[in-house]
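Thanks for making the time this morning.

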Amino acid sequence: MQFTMFSAAILVGGLCLLSYYVIIKTFKERLSPNPHLPPGSLGWPFIGETFEYLRTGVAGQHHRFVRDRMEKYDPQVFRTSLLGESMIVFCGPAGNKFLFRNENKLLKIWWPSSVRRLLKSSLANMIGDEAKGMRSVLLTFLDHMHSRGILRGWIWLHKTILGHVGMEGKQEVKVHPTVNIYTFEMACRMFTSIEDCGHILKLAAQFDIFLKGVISFAINIPGTRFHCAVKAADAIREELRLLARQRREALDKKMASPTQDLLSHLLVTSYAGGKFLSELEIVDNILLLLFASHDTTTSAITCVMTYLAELPEVYRMVLKEQLDIAKSKEPGVLLKWEDLQKMRYSCNVVAEVMRLLPPVRGGFREAIVDFTYAGYTIPKGSKLIWDTGSTHMDPILFPEAEEFDVSRFEGAGPAPNSYVPFGVGARICMGNVYARAQILVFLHNIVKRFEWDLSTPDEKLVYYPMPTPSQGLLVHLRPHQSSV
């Protein structure tokens with residue numbers, strides 16, 4: 001009894017000291033700001049400007065948070081406070097270039113507490129040589145996946161999954177949930193060889209809960225989004241842990257191939273001087289790739305379908321390109337990598353959609369030394385952000401930035417470091433080639449079969465945390481009279 005009371009007293013005392021530290025730190029930042037820091041506002045204590053940041057996303061104007069503060073404070077850099085952390089936002093192509101070029105020199109990868117705690121020992125939380133080694137292991141698999149032989153099986157898999165996700169034979173369909181199952185099933189099959197539809201749907205439901213808490217206040221109290229996300233992540237990890245143990249046993253008995261999928265690859269591949277990944281590292285990295293490879297692609301495909309419904313001339317140009325490619329092939333012959341390279345107009349359409357509605361708003365870094373930028377002092381330990389809105393919606397870089405214009409990506413295309421939906425440099429999204437190919441394969445198969453109209457033309461797209469139609473994007477499907 002005495003021990004219990006003593007433990008409780010220590011816990012309460014620790015919480016009081018932590019609260020005291022947070023309060024003193026918060027008020028010191030606000031009442032005695034460093035005059036050499038970039039200008040800006042830290043908003044309310046602890047909450048900061050988080051609600052305003054989220055509000056612009058819910059309003060479908062994600063870029064306004066950054067653009068408004070660039071105009072108010074400094075177009076190069078400003079300060080804010082999000083998710084309980086003081087942060088410095090780097091703006092424009094110069095800011096993007098600075099952050100992308102100085103990883104492991106002046107800064108390192110950093111994520112809000114919610115992301116760090118949910119993604120644990122995955123690549124997302126690794127830095128330095130450890131990150132380079134892990135990235136190399138994952139890229140070896142992804143590069144192998146793009147080889148000619150693997151690609152044929154991959155495209156066949158796309159076509160097979162498209163056949164049963166719920167569009168054929170229907171007059172109406174909700175695009176976002178339908179595409180979400182399609183991309184998630186694709187990821188499950190490619191990375192873990194899970195083929196059972198019931199198992200896939202069960203995991204998909206957990207990932208939907210997980211996604212809603214990834215960018216949130218890391219308050220692990222029942223009822224909060226973060227708490228629900230933690231529970232969902234634990235359930236996903238348990239499923240993946242069981243799969244990993246079964247696969248290891250199958251590999252030992254020569255009943256599975258070392259090149260079968262990502263799971264086998266991680267189980268048999270060493271890095272960093274012969275070190276093999278622990279079971280937790282394998283599970284965390286598969287969780288990361290399942291999350292990153294399907295949610296962002298779902299968002300991009302959904303947004304592409306929205307714009308194609310709204311812009312019939314663009315749809316007709318995409319359809320013509322895809323039919324020309326289909327007509328150049330023998331009946332029943334699958335797409336090849338060379339066919340994807342011919343989809344130039346379609347690729348530019350996808351690029352323009354991701355300029356207007358990037359699947360991810362930006363990324364985070366942390367200063368590892370004191371340095372100066374744009375005449376301001378950036379102290380060691382500062383949390384830094386790059387945001388797509390600072391360049392994607394810049395009217396100087398992209399005239400009439402809010403208008404849809406495929407021609408922006410013709411010729412030389414946008415200026416360096418201005419178009420960054422996948423990031424740039426050492427931390428560029430590893431799956432960007434996979435994502436682009438998946439979107440184009442989906443587009444090829446869907447436009448050959450259907451035209452579609454939006455049931456709710458003014459349906460709002462909100463960042464949640466990725467662009468998502470508020471009602472799922474219900475469309476009326478109209479099959480073509482003749483299909484190639």
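What you see is a predicted model, in which local features need pLDDT of at least 70 and side-chain atom pairs count only at pLDDT 80 or more, while totals for chains, interfaces and linings use all residues. Residues are numbered from 1 along each chain as its sequence is written, and side-chain values use heavy atoms, with hydrogens and water left out.

Of its 484 residues, 52% are buried, where buried means under 20% relative accessible area with a 1.4 Å probe and protein chains only. If we take contacts (heavy atoms within 4.5 Å) between residues at least 6 apart in sequence, 70% of them join residues at least 24 apart.

Let me turn to helix α9, residues 197–212. Its 16 residues should span 22 Å at 1.5 Å a residue, and the end C-alpha atoms are 23 Å apart, which agrees; the expected span is 1.5 Å times one less than the number of residues. The buried residues of α9 are I200, L203, A204, F207, F210 and L211. These cover an arc of only 120° around the axis, which puts them on the same side of α9, the arc being that of the directions from the helix axis to the C-beta atoms. Their cover includes α5, α8, α10 and α12.

One of those, α12, brings us to the helix pair. The axes of α12 and α13 come within 5 Å and cross at roughly 110°, with axes fitted to C-alpha atoms over the stretch in contact and angles running from 0 to 180 degrees between N-to-C directions. The two helices are therefore roughly perpendicular, a label that covers 65 to 115 degrees. On the α12 side the contact is made by L308, A309 and E310, and on the α13 side by P312, V314, Y315 and V318.

Finally, where does Y419 sit? Y419 is in the loop between α16 and α17, and at 17% relative accessibility it counts as buried. Among the residues that Y419 touches are M354, R355 and F409. R355 is 64 residues away from Y419 in sequence, yet their C-alpha atoms are 6.9 Å apart in space.

Definitions and conventions: Helix = DSSP H or I, 4+ residues; strand = E, 2+ residues; numbered from the N terminus. Buried < 20%, exposed > 50% of the residue type's maximum accessible area, 1.4 Å probe, protein only. Parallel < 35°, antiparallel > 145°, perpendicular 65-115°, else oblique. Lists of a residue's contacts leave out its neighbours within four places in sequence.
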